[in-house]
Amino acid sequence: MSTGYASALAAEHDAPPMRPLTDKDHPNAHMLYAAHKAFQNGDLDGLFAHIAEDAVWHMPGENVLAGSYKGHAEIMRNFGMLQEAVDAYWAHPLDYYGSDDHVTLIAEVHARKGEKELHTKEAMTWRVEDGQLKECWHLCLEPEKWDAFFSAD
């Protein structure tokens, strides 16, 4: 991951407090937490160690990021699309919820492109298979704001 992208992910915005995970949280919540931490730190090997090679990443909406991306290379292409669409982007985790088959991250999102800003919440729900993150549905909780921010201008 490029230095510019890593700095665009978190440098300008304070993270809200997150409930600490404990041994009472499902192991899949801990796995997604580790994957998200690796992403925030620019550690792609650490991130993709938790994501199945043929994983599918679904981005909804009517915007430049929308679509389904299969496999590590395609998911990375979507991350690159995000990088090109923002000057800065922060997805601060608020909580992780897991079961044997699924795990969900709730996050507060802030993004900036020039004078344009986005403030919203998102949920990313993953299907878990064979101990890896297999399929992700990214859901912005205010899709009209997401689409307006990430629209092709």
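This is a predicted model: local features need pLDDT of at least 70, side-chain atom pairs count only at pLDDT 80 or more; totals for chains, interfaces and linings use all residues.

Reply: Residues are numbered from 1 along each chain as its sequence is written, and side-chain values use heavy atoms, with hydrogens and water left out.

The count comes to eight salt bridges, a salt bridge being a side-chain nitrogen of Lys or Arg within 4 Å of a carboxyl oxygen of Asp or Glu. One of them joins Lys113 and Asp87, whose closest N and O atoms are 4.0 Å apart. This pair links distant parts of the chain, 26 residues apart: Lys113 belongs to strand E4 (residues 102-113), and Asp87 lies in the loop between helix H4 (71-85) and strand E3 (88-98). Helices (H or I, at least four residues) and strands (E, at least two) are DSSP runs, numbered from the N terminus. Lys113 is partly exposed, because its relative accessibility is 35%; Asp87 is also partly exposed, at 38%. The terms are set as follows: buried means under 20% relative accessible area, exposed over 50%, and partly exposed in between (1.4 Å probe, protein chains only).

The strands come next. E3 and E4 pair in the antiparallel sense over ten bridges, where two strands pair if DSSP finds at least two bridges between them. Within this pairing, Pro93 has Ala107 of E4 as its bridge partner, and a hairpin of three residues joins E3 to E4. E4 also pairs with strand E5 (residues 116-129), again in the antiparallel sense, over twelve bridges. There, Thr104 stands opposite Thr125 in E5. The hairpin of E4 and E5 has two residues between the strands, and Gly114 in this hairpin takes a positive phi near 60°. In a regular strand, side chains alternate between the two faces of the sheet.

Glu129, within the residue range of E5, forms a salt bridge with Lys134 (3.8 Å, N to O). Lys134 is buried, because its relative accessible area is 14%, whereas Glu129 is partly exposed at 33%. Both residues belong to a network of salt bridges that links Asp54, Arg127, Glu129, Lys134 and Glu135.

A further salt bridge joins Lys145 to Glu142, with the closest N and O atoms 3.4 Å apart. Lys145 is partly exposed at 36% relative accessibility, and Glu142 is partly exposed at 26%.
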